[in-house]
Amino acid sequence: MKAALPTAGADPSDGVAKLNDLDLLRLRARVAAELKQRGLASNVGQVAETLALAFYNGTPGRPNLQPAPTGTQNVDALSRRGDRYSIKGILDARKTGTIYPDRDDPAKQLFEYLLIVRIDPYWQLINIHEFDWKTFCEVRSWDCRMNAWYVGLAAKTLTRATRFVPA
């Protein structure tokens with residue numbers, strides 16, 4: 001993720017509906033290859049991280065964030081103060097992705113903040129819900145199949161978070 005994503009101008013589907021199925025698949029492959037070559041986000045999670053960093057870094061009163069080192073478990077961004085942020089992107093899901101507890105100490109604090117980044121079908125930012133660790137612990141649910149935590153996206157749960165909406 002090299003740069004922040006600008007807000008979209010024209011409708012990205014202009015002309016796409018006119019393509020036949022084979023040409024549409026070929027276009028998708030070309031776009032995926034170009035995204036990879038440029039080091040740009042190519043999935044919902046990566047886009048959510050990019051949008052969250054751009055929003056926080058461009059919003060007065062919010063901490064400046066930088067990407068966490070690749071492979072850092074449960075932490076996607078770091079603030080200059082050293083706060084750890086876990087970022088979960090949501091397109092059309094009813095719950096976040098999983099958050100794995102520490103193997104040696106299941107009660108260990110994994111991050112200071114969880115950001116749930118909601119995006120629309122055009123991958124534009126709708127809003128960000130920020131949970132501190134204490135609130136995350138109060139609203140999280142256990143996925144016994146994955147042996148990990150998640151947050152359900154019921155309105156009652158989301159009202160417990162601080163909500164940010166882009167201007």
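Which residues form one aromatic cluster? Phe55, Tyr56, Tyr85, Tyr113 and Phe164 do. The legends below describe a predicted model, in which local features need pLDDT of at least 70 and side-chain atom pairs count only at pLDDT 80 or more, while totals for chains, interfaces and linings use all residues. Residues are numbered from 1 along each chain as its sequence is written, and side-chain values use heavy atoms, with hydrogens and water left out.

**View 1. An open sheet of six strands.** The strands follow the order β1-β2-β3-β4-β5-β8, with mixed pairing. Strands are DSSP runs of E with at least two residues, helices are runs of H or I with at least four, and both are numbered from the N terminus. Two strands pair if DSSP finds at least two bridges between them. At the edges lie β1 (65–67) and β8 (162–164), each of which pairs on one side only. On average, neighbouring strands of this sheet are turned by 30° against each other, direction ignored.

**View 2. Strands β3 and β4, with helix α2 on the sheet.** Six bridges join β3 (residues 84–90) and β4 (residues 113–119) in the parallel sense. Serine 86 is opposite leucine 114 in β4. Helix α2 (residues 44–57) packs on the sheet and touches β1, β2 (77–79), β3, β4, β5 (125–132) and β8; contact means heavy atoms within 4.5 Å. The direction of α2 makes about 125° with that of β3, where axes are lines fitted to C-alpha atoms, for helices over the stretch in contact, and angles run from 0 to 180 degrees between N-to-C directions.

**View 3. Aromatic pairs.** Rings of Phe, Tyr and Trp (its six-membered ring) pair if their centres lie within 6.5 Å; planes under 30 degrees apart are stacked, over 60 edge-to-face, and the rest tilted. The count comes to nine aromatic pairs. Tyrosine 85 and tyrosine 113 are stacked, at 5.1 Å centre to centre and 20° between the planes. Because tyrosine 85 lies in strand β3 and tyrosine 113 in strand β4, this pair ties together parts 28 residues apart in sequence. Tyrosine 85, at 2% relative accessibility, counts as buried (under 20% relative accessible area; exposed is over 50%, partly exposed in between; 1.4 Å probe, protein chains only). Tryptophan 133 and phenylalanine 136 have ring centres 5.3 Å apart and planes at 45°, so their pair is tilted. Both residues are buried.

**View 4. Charges over rings.** The charged end of lysine 95 sits over the ring of tyrosine 150, 4.4 Å from its centre. Arginine 140 lies over the face of tryptophan 149, at 3.8 Å from the ring centre. The rule requires NZ of Lys or CZ of Arg within 6 Å of the ring centre and within 35 degrees of the ring normal.
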